[in-house]
Number of protein chains: 2
Amino acid sequence: MDNRQQGAAMAELSFWYDFASTYSYVSAMRIGRLAEAPPVSIRWRPFLLGPIFKAQGWSDSPFNIYPAKGRYMWRDLERLCAREGLPLRRPSVFPRHSVLAARVALVAEPEGWCPQFTAAVFAANFADDREIAEPETLAAILDGLGQPAESVLARATAEETKAALRAQTENAMRLGIFGAPSFVVGKELFWGNERLDDAIALAGAQR
Amino acid sequence: MDNRQQGAAMAELSFWYDFASTYSYVSAMRIGRLAEAPPVSIRWRPFLLGPIFKAQGWSDSPFNIYPAKGRYMWRDLERLCAREGLPLRRPSVFPRHSVLAARVALVAEPEGWCPQFTAAVFAANFADDREIAEPETLAAILDGLGQPAESVLARATAEETKAALRAQTENAMRLGIFGAPSFVVGKELFWGNERLDDAIALAGAQR
């Protein structure tokens, strides 16, 4: 491998997100713009926080378990979305089951339409308060993206995709991921929307 | 109250910190510089995370209870300190008992030497790995600041000061504080070192 290839391989950032995660919404909406200059290749890594939280002894979002933390988060998210110009409607269900959406995202990833699908699902959950756990919601999003909803959903719920999502979540744990959004650049892990800029800068510097 | 007085009264930021808190160290070391322009008056609010964590069901730092979170925090702190030019030596005891140092800080606050004392205690804990729970460590710091160590420590351990620290911690809970560092500007709460700049900006804009 020559230096140029090695350099190109390193200008890469893995974006680990859960469709139920509030701060992942903000990162998903700004990562595309941030990755433009310096050009950083984003690897989209949908995963499930649920099993990771369960391993930490939590059966719900920490924002529900710890009310002061939850109250703060919703206000902080309001301020953050206002600053980023992002619409925000507090979801009537929180956290929403994100497993089906994550499976669809796994189908989307190798086909190149994962960024658009991801943005649309996050908008449905946090801007429009739609139930992303329902196949109908995802089918409407797929239609909007010009994807064949029925066959995509069939592939998303195939045993192979289910296993792939379990493997992806186990991989997150192996990487030391304990929350979302998380960003991995080389061996460096960054947690939280406010570390996205640092992660992009590191990836850019390693080209 | 005329507008000018009201404006002056609002250009104020309360800085809530625990001497055992790693990210509070970083904030304590940069808040003075950040508050210079626009001039923002800092209210130093030492408190104890212990009772707040206990109310959340934790008998230790979450960075010890959740190992992945702890491993991440120490690496993140390294990166952060490197960027801020802050020395860092991982404390051989974590978290250190911060109650005595907090009581001394309460004595210092109305006398105007709380900023210097706070910086010295954080440096002892996180740059020099000294045991801030020991009166000898705090006495040496007080000597260095030209404060009468014996009489200050006597006042710090008086019943009145102990009660004041309990009241301060209860006040933190009433404000919705669940971690440190936290910053309060008017009715807005900010949590975490990376929100300090936002808090300063808000305070500055309200002058």
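Okay, let's start with one residue, Asp18 of chain B. Leaving aside residues up to four places away in sequence, Asp18(B) touches Ser24(B), Phe47(B), Leu48(B), Leu49(B), Gly50(B), Ser98(B), Phe122(B) and Ala180(B). Keep in mind that this is a predicted model.

Where does Asp18(B) sit? You'll find Asp18(B) in the loop between β1 (12-17) and α2 (22-34) of chain B. Asp18(B) is buried, and yet it has no salt bridge. The nearest side chain of opposite charge is Arg96(B), and that one is 11 Å away. What Asp18(B) does have is a polar contact, side chain to side chain, with Ser98(B) at 2.7 Å.

The largest one has 134 residues, and the members that touch the most other members are Leu13(A), Phe117(A), Leu13(B) and Phe117(B). Take Leu13(A): among the residues it touches are Ile31(A), Val40(A), Phe183(A) and Ile200(A).

Now, how do the two chains meet? On each side, 21 residues are in contact with the other chain. Together, chain A and chain B bury about 2,100 Å², with 50% of that on carbon and sulfur atoms. Lys69(A), Tyr72(A) and Arg195(A) supply 28% of the area chain A buries against chain B, more than any other three residues.

How many salt bridges are there between chain A and chain B? The count is 10, and over all chains it comes to 28.

Let me walk you through some of them. Arg75(A) and Glu188(B) meet through their side chains at 2.7 Å, N to O. Arg75(A) is in helix α5 of chain A and Glu188(B) is in strand β4 of chain B, so this pair joins two chains. Arg75(A) is partly exposed, at 33% relative accessible area, while Glu188(B) is buried, at 18%. That pair also belongs to a network of salt bridges, whose members include Asp76(A), Glu78(A) and Arg195(B).

Another one pairs Asp76(B) with Arg195(A), at 2.9 Å from N to O. This bridge crosses from helix α5 of chain B to the loop between β4 and α11 of chain A. Asp76(B) and Arg195(A) are both buried.

And here's one more: Arg83(B) with Asp198(A), where the closest N and O atoms are 2.9 Å apart. Arg83(B) lies in helix α5 of chain B and Asp198(A) in helix α11 of chain A, so here again the pair joins two chains. Arg83(B) counts as exposed at 51% relative accessibility, and Asp198(A) is partly exposed at 23%.

Okay, that's my tour!

Conventions:
Residues are numbered from 1 along each chain as its sequence is written. Chains are lettered from A and ligands numbered from 1 in the order in which they are written. This is a predicted model: local features need pLDDT of at least 70, side-chain atom pairs count only at pLDDT 80 or more; totals for chains, interfaces and linings use all residues. Side-chain values use heavy atoms; hydrogens and water are left out. Helices (H or I, at least four residues) and strands (E, at least two) are DSSP runs, numbered from the N terminus. Buried means under 20% relative accessible area, exposed over 50%, partly exposed in between (1.4 Å probe, protein chains only). Lys and Arg count as positive and Asp and Glu as negative; His and the chain ends are not counted. A salt bridge is a side-chain nitrogen of Lys or Arg within 4 Å of a carboxyl oxygen of Asp or Glu. A polar contact is a pair of N or O atoms within 3.5 Å; within protein, one must be able to donate a hydrogen and the other to accept it, and residues adjacent in sequence count only if both atoms are side-chain atoms. Contact means heavy atoms within 4.5 Å. A nonpolar core is a set of buried Ala, Val, Leu, Ile, Met, Phe, Trp, Tyr and Cys residues joined through side-chain atoms within 4.5 Å. Buried area is the accessible area (1.4 Å probe) that two parts lose on being put together, summed over both.
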